[in-house]
Amino acid sequence: MCGIIGYIGRSEATGILIKGLKGLEYRGYDSGGIGVLNGKELTVVKAAGEIKNLEKKLKDCRAPGRLGIGHTRWATHGAANETNAHPQVSAHFAVVHNGIIENYREIKESLIMSGFTFNSDTDTEVVPKLLELNYSGSVEDALKKTLPLLKGSYALGIICTEKSDTLYCAKNGSPLIIGAGNGENYISSDINPLLGRTDKAVYLDDGETARISADEITVFGKDFEPVEKEIKSVELPQSSASKGNFEHFMLKEIYEQPAAVAATLDSVTNGENIVFRDFPFTDDEIKNLSRIYIIGCGSAYHVGLMAKYAFEKIAKIPCFAEYAGEFRYEEPVLDSRCLVVIISQSGETADSLAALKQAREHGAKTISIVNVAESSIAKMSEYSLLTKAGPEIAVATTKAFSCQAAMLNMLCVYIALHRGACSAVFAEIALNMSLLLPKKIQRVLNNTEKIKETAMRIKDTDKCFFLGRNADYAAALEGALKLKEISYIDCVGCPASELKHGTISLIEKGTVCFGIISSRRLLPKTVSNLQEVISRGADVTVFAPESLGNSLGEFTKVITYPDIIEFLTPSLEIVPLQMLAYYTAKEKGLPIDKPRNLAKSVTVE
């Protein structure tokens, strides 16, 4: 949540900052702002709403200079208006911030008693004011005195009017990288906005700060002594930052799923076996596991819930899917015989990171499934599995979800095989069928007419229900989430078995219901539940594999997808649900890539 960008070099900063903010806007678009330093003259320009509003404002307001910082905001403290937009300033400092200063009230009260006045309702404004209080000519000394007083999370970009050739930054709990260029350097919340300008980055760890000039990067540790940091090459296609021929990033990313899933599978297989290089746990440790927790937020939780059924059925081990924000405040049974799997696209999700810390503190074994190799969660976990989704720009996840599912499937089979819970023959079949999954996803993408017709039919509805059992229930939750977050329709994912325990009271004539059926074993029960809502006037559409089509003749609206073994069906059935959400939101003319009140990376609790 929130995106920050900074530049120092030989070019005019404003254009670079604006382009960078556009590349970060999926992190928040309540307001935006830049601060550019030219000599000792600081120009701050801010605007409420999307970055295009800031861009329009800059047409009438020049901001010259070769050093600057920018920010796109997801509001946490204070309304989404121009006053609360960043940068927040003091006499000598301008600051952009991603995170939350938890003790800002106490700091603010202390600063007011010291004679400072405040203009915004943000927690961020205490940072430049505190820096001002501690400033006596040395920015480094001011940082040394200020940063230890801040409780919470922050990624900070800082400029000082007395240091026109220096950009400063600090990291604690929120993502921040330094882009290393040729005669110019950058800071950013992630690498995406730097594509095309540099392919080299320095990844900061928590507690580190940096002093950056056009030609030099100096990183300081928690003790403010210089530390050596490796400049790493970043391999990301520049096309990831462009929609190409697609109308929206979400549609582009939906269509990138076959390639992304294939790349993810290829990274952990050799065509015949699942290969997790340098896997840290022995066969005896795997056999002695007493339970598995799969932890995530939002869609990452849903993919974990889908996997729970596979782990219990195939690996024969108790498995619990948990919301990270709930898990961290529970008292879960954690010890050295537990495996905790943390799922996060960004690898920076605040609640998931806290849950991982909790698991490590209790001695549990930990594995992360992330899409960013240098992320906090990847670094903290004992073993990290990197998905190959590439950058995902749309707020609603699609290809990252599918890659997480593919990786979890491989982990499930690997653990089952090494526990002796499944045969080598089953593992071979599961792997071979998994490798066919990308082609089957492509078949879904090539056949969207019924999905588009359904989207047209439901676009004006005010509520709908997704019903399924077992792993289909997890798919129902994800289908409901996708539709609600970009179409703003009130959607509920419900276990079909629980329908009669309250939910059916909401069904009336014309209520839209979607039945998710992937298993012949569960077919009779779910069909019975769907008949119950039809008898009360519901408008029902069923999603099912092609082989079940003949068993669904009693339904007038059926959308089918290619057959695959039951273990993998949830990974396939989610794709038409993604498409349904996309086309429904498109019919409604909504901002699909940037739904209101949502941000891509949730780095605050």
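Where does Ile8 lie?

1. **Ground rules.** This is a predicted model, in which local features need pLDDT of at least 70 and side-chain atom pairs count only at pLDDT 80 or more, while totals for chains, interfaces and linings use all residues. Residues are numbered from 1 along each chain as its sequence is written, and side-chain values use heavy atoms, with hydrogens and water left out.

2. **Ile8.** Ile8 lies in strand 1 (residues 3-8); strands here are DSSP runs of E with at least two residues, helices are runs of H or I with at least four, and both are numbered from the N terminus. With a relative accessible area of 4%, Ile8 is buried. Buried means under 20% relative accessible area, exposed means over 50%, and partly exposed is in between, using a 1.4 Å probe and protein chains only. Ile8 and Ile212 are 204 residues apart in sequence, yet their C-alpha atoms are 7.8 Å apart in space.

3. **Helix 18.** The 19 residues of helix 18 (residues 569-587) should span 27 Å at 1.5 Å a residue, and the 28 Å between its end C-alpha atoms agrees with that. The expected span is 1.5 Å times one less than the number of residues. Helix 18 is largely enclosed by the rest of the structure, because 17 of its 19 residues are buried. Gly589 follows the helix and has a positive phi, near 70°.

4. **Cavities.** Rolling a probe the size of a water molecule over the atoms shows where empty space is left. A cavity is a set of points, on a 1 Å grid over the protein atoms alone, where a 1.4 Å probe fits but cannot get out; lining residues have an atom within 4 Å of a point. Grid points are joined across faces, edges and corners, and a volume is the space filled by probe spheres set on the points. The count comes to three cavities of 30 Å³ or more.

5. **The largest cavity.** Its volume is about 50 Å³. The lining includes Cys2, Arg73, Trp74, His77, His86, His97 and Asp123. By class, this lining has two nonpolar, seven polar and two charged residues. In this scheme Ala, Val, Leu, Ile, Met, Phe, Trp, Tyr, Cys and Pro count as nonpolar, Asp, Glu, Lys and Arg as charged, and the others, Gly among them, as polar.

6. **The second largest cavity.** This one has a volume of about 40 Å³, and its lining is made up of five nonpolar, one polar and two charged residues. Helix 1 (residues 13-24) gives the most to the lining, with three residues. Among the lining residues are Ile5, Ile16, Lys19, Tyr186, Leu194 and Arg197.

7. **Cysteines.** A search of the whole structure finds zero disulfides, a disulfide being a pair of cysteine sulfur atoms within 2.5 Å. Cys169 is in no disulfide, and the nearest cysteine sulfur, that of Cys160, is 15 Å away. Cys403 is likewise in no disulfide; for Cys403 the nearest cysteine sulfur belongs to Cys412, 18 Å away. Cys169 counts as buried at 1% relative accessibility, and Cys403 counts as buried at 0%.

8. **Salt bridges.** The count comes to 32 salt bridges, each being a side-chain nitrogen of Lys or Arg within 4 Å of a carboxyl oxygen of Asp or Glu. Lys200 and Asp199 form one of them, at 3.5 Å from N to O. Lys200 is partly exposed at 38% relative accessibility, and Asp199 is partly exposed at 42%.

9. The side chains of Glu208 and Lys229 meet in a salt bridge, 3.0 Å from N to O. The pair links distant parts of the chain, 21 residues apart: Glu208 is in the loop between strand 11 (200-203) and strand 12 (209-212), and Lys229 is in the loop between strand 14 (226-227) and strand 15 (232-233). Glu208 is buried, with a relative accessible area of 9%, whereas Lys229 is partly exposed at 23%. Asp205, Glu208, Lys229, Lys232, Glu374 and Lys379 are linked in a network of salt bridges.

10. **Arg443 and Glu546.** This salt bridge has its closest N and O atoms 2.9 Å apart. Arg443 lies in helix 14 (residues 424-445) and Glu546 in the loop between strand 24 (539-545) and strand 25 (558-561), so the pair ties together parts that are 103 residues apart in sequence. Arg443 is partly exposed, with a relative accessible area of 42%, and Glu546 counts as partly exposed at 38%.

Conventions
1 Å grid on protein atoms, 1.4 Å probe; cavity = no way out; pocket = protein on both sides within 12 Å on 5 of 7 lines; lining within 4 Å.
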